[in-house]
Amino acid sequence: MKYLGTYYYANIVQGVIENSFDYLSNLENMFSDSEILDYARPFTKKSNLHSFIEFIIDSLFWEESSKLSISRCRDRSNLDFDNPTYITPLEQVLSEYKMGIVSFMQWWKISATDQVLEDGLFEDYYNYLFSLSNYYKVVESLSEDVFYIIFLNRKLLQEFNELFSSYLQSCQDSEDAKEYIMDNGLQEVIRSDFKLHRVNIPMWVKRAVYFRDRGICVNCGRDLSGYLSLENVENFDHIVPLNLFGFNDVTNIQLLCRDCNSKKSGNRSEPITMYQSWYEK
Ligand SMILES: [Zn+2]
């Protein structure tokens, strides 16, 4: 966890989740055709949220490559061929994650013999960065850091999982989706009504959720540390129920006591936004 610009990117991902309607055309690329069904595989360590964050961050960098322009550079004096100090935003991220790259200014000196700086150069430079084998590793690392922050926010996790389940539900009447399930051997994961099968929750998921929720029922605050066994499946609740097209994903699980869990039983509930203080005042 590096915390380098992490909040900035977490904020963007939060914006996309909360205002997904505004980003639908972008998101179609992730959910086009039947690709949402690929996220139905239960409890992969690379969670659905990881994939989503990577997708957003990668799209953001690609978008940036066409938006950078000389006229918009805040400090144009940095774009001095003989005294180069200008650093592109992506370049900054890559160097923060210790990836060795040719800087934009070096790159400009190598590739532009007539010293003329044109907007297209930014795109060419970004294409060079995208082609580097470590580029996706940096996107992965940055996404892992963003995941760390968002995983603590159950309200956002609920909104994220509701977004995913709406796409899963929309596959219901699609013949293509049915074919996709057959072709990709997903019958054991997805039922014929397009809801997901209930599966055992792996120990690593239970541990992650137990420690995130600090051993208390997130709804009523009951301390479960005294008598909770991690084996006790009833306490691990799907935030968006399987019945409502929820996913078997670590981001869709929360800790509830037995009473709260049986009251909720398969229904949608409002996001639970109670968090325990780190220490008593
Ligand atoms: Zn409770």
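Contact, as the word is used here, means heavy atoms within 4.5 Å. The structure described is a predicted model, in which local features need pLDDT of at least 70 and side-chain atom pairs count only at pLDDT 80 or more, while totals for chains, interfaces and linings use all residues. Residues are numbered from 1 along each chain as its sequence is written, and side-chain values use heavy atoms, with hydrogens and water left out.

## Overall build

The protein has eleven helices and two strands, where helices (H or I, at least four residues) and strands (E, at least two) are DSSP runs numbered from the N terminus. Read from that terminus, the elements follow the order α-α-α-α-α-α-α-α-α-α-β-β-α. Of the 281 residues in the protein, 46% are buried, a term that stands for under 20% relative accessible area, with exposed meaning over 50% and partly exposed the range in between (1.4 Å probe, protein chains only). Among the contacts with a separation of 6 or more, 74% are between residues 24 or more positions apart.

## The nonpolar core

A nonpolar core is taken as a set of buried Ala, Val, Leu, Ile, Met, Phe, Trp, Tyr and Cys residues joined through side-chain atoms within 4.5 Å. The largest such core holds 78 residues, and the members that touch the most others are I36, L37, F52, F61, F164 and I190. Helix α7 (residues 135-150) supplies the largest share of this core, eight residues. In soluble globular proteins, nonpolar side chains tend to be buried together. F164, when neighbours within four places in sequence are left aside, is in contact with M30, F31, I36, Y39, N48, F52 and F247.

## Helices and their packing

Helix α5 (residues 104-111) has F104, M105, W107 and W108 as buried residues. These residues cover an arc of only 160° around the axis, which puts them on the same side of α5; the arc is that of the directions from the helix axis to the C-beta atoms. The cover over the buried residues of α5 includes α4 (89-96) and α6 (119-131).

Helix α6 has 13 residues and reaches 19 Å from its first C-alpha to its last, close to the 18 Å expected at 1.5 Å a residue, the expected span being 1.5 Å times one less than the number of residues. Its buried residues are L121, F122, Y125, Y126, L129 and F130, and they pack against α3 (48-67), α4, α5 and α7.

S51 is placed in helix α3 and is buried, with a relative accessible area of 17%. Apart from neighbours within four places in sequence, S51 is in contact with M30, Y39 and K46, and its C-alpha is separated by 8.9 Å from that of E140, 89 residues apart along the chain. I12, in helix α1 (residues 6-18), touches I56 and L60, not counting residues up to four places away in sequence. I12 and I53 are 41 residues apart in sequence, and their C-alpha atoms are 9.6 Å apart in space.

## The zinc site

The zinc ion is coordinated by C217 (SG), C220 (SG), C257 (SG) and C260 (SG) at 2.3 to 2.4 Å. Donors are N, O and S atoms within 2.8 Å of the metal (3.2 Å for Na, K and Ca), and water is not among the atoms, so sites may look incomplete. In sequence, the donor residues are spaced C-x2-C-x36-C-x2-C. Distant parts of the chain are linked by C220, in the loop between α10 (203-212) and β1 (236-238), and C260, in helix α11 (residues 258-264), 40 residues apart. C220 counts as partly exposed at 40% relative accessibility, whereas C260 counts as buried at 9%.

The angles among the four donor atoms are 102 to 114°, and the site is tetrahedral, a label given to four donors if all angles lie between 85 and 135 degrees. Ideal angles at a metal are 109.5 degrees for four tetrahedral donors.

Most residues other than glycine have a negative phi.

Terms used
Tetrahedral: all angles 85-135°; square planar, octahedral: opposite > 155°, others 65-115°.
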